[in-house]
Amino acid sequence: EEAESEVQALQSQLDTANGRLETLEGADQHQALLEAMVDAYDARLAMAQENVVAAKSALSGTIATLKTIEDEIAAFDSGLASALPQRIELIRTNLDRDLETAIADCDQLIEDLIEVEKALFQ
C-alpha cells in the first residue's frame, strides 16, 4: 500500500511536470510566431520608407523562425505552412523588381500570420 501510494504521488508529480512542459513549449511556439510577425511588420515599415536593404534584412531570418513551428502551422493549414516560406522569398525577390507587389505580398503575409496566431494561440 505504501509503495502504491508513493507511485501515485510520483505519477501526480510527473503529470504536473508534463503539463508545465507543454505550457512552456506552447509559449516557445507563440514566441516564434510573434518574432515572425515582428519581422514582417519591420519589413513592411522599411518598404513604406522605400528602404529595400532594411526590408530584406528584416525578413532574413523569418523562414528559419517559421520552420520551428511549421508542424503547428501545418496542423492548422498545411497549404499555408508551405506557402509562407514561398511568400517570403517572393517578397524578397520583388523588393528589387516591383516594390508595390512586394508591399502587397507583405501585407498578405501579415494577414496570414495574424490568422495563424488567432487559430493557434487565442
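The side chains of D107 and R44 meet in a salt bridge, at 2.7 Å from N to O. A salt bridge here is a side-chain nitrogen of Lys or Arg within 4 Å of a carboxyl oxygen of Asp or Glu. D107 lies in helix α6 (residues 99-121) and R44 in helix α1, so the pair ties together parts that are 63 residues apart in sequence. Helices are DSSP runs of H or I with at least four residues, numbered from the N terminus. D107 is partly exposed at 29% relative accessibility, and R44 is also partly exposed, at 24%. The scale is as follows: buried means under 20% relative accessible area, exposed means over 50%, and partly exposed is in between, with a 1.4 Å probe and protein chains only.

The model is a predicted one, in which local features need pLDDT of at least 70 and side-chain atom pairs count only at pLDDT 80 or more, while totals for chains, interfaces and linings use all residues. Residues are numbered from 1 along each chain as its sequence is written, and side-chain values use heavy atoms, with hydrogens and water left out. The pLDDT is the predictor's confidence in each residue, from 0 to 100. The protein chain averages a pLDDT of 90, and 94% of the residues score at least 70.

Side chains of opposite charge can pair when their charged atoms come close. A search of the whole structure finds five salt bridges. One of them joins K56 and D96, whose closest N and O atoms are 2.5 Å apart. K56 lies in helix α2 and D96 in helix α5 (residues 78-97), so this pair ties together parts that are 40 residues apart in sequence. K56 is partly exposed, with a relative accessible area of 24%, whereas D96 is exposed at 56%.

Another salt bridge links D112 and R87, with the closest N and O atoms 3.7 Å apart. Since D112 lies in helix α6 and R87 in helix α5, the pair ties together parts that are 25 residues apart in sequence. D112 is buried, with a relative accessible area of 9%, and R87 is partly exposed at 22%. Salt bridges that share partners join R87, D105 and D112 into one network.

Next come the two helices that hold this pair. Two packed helices are described by the angle between their axes and the distance between the axes. The axes of α5 and α6 come within 8 Å and cross at roughly 155°. That makes α5 roughly antiparallel to α6, a term for angles over 145 degrees. The axes are lines fitted to C-alpha atoms over the stretch in contact, and angles run from 0 to 180 degrees between N-to-C directions. Residues of α5 that meet α6 include L84, R87, I88 and I91, and those on the α6 side include D105, C106, L109 and D112. Contact means heavy atoms within 4.5 Å.

C106, in helix α6, is buried at 0% relative accessibility. The C-alpha atoms of C106 and I91 are separated by 6.5 Å, although the two residues are 15 apart along the chain. Leaving aside neighbours within four places in sequence, C106 is in contact with A40, A43, R44, M47 and I91.

Definitions and conventions: Helix = DSSP H or I, 4+ residues; strand = E, 2+ residues; numbered from the N terminus. Parallel < 35°, antiparallel > 145°, perpendicular 65-115°, else oblique.
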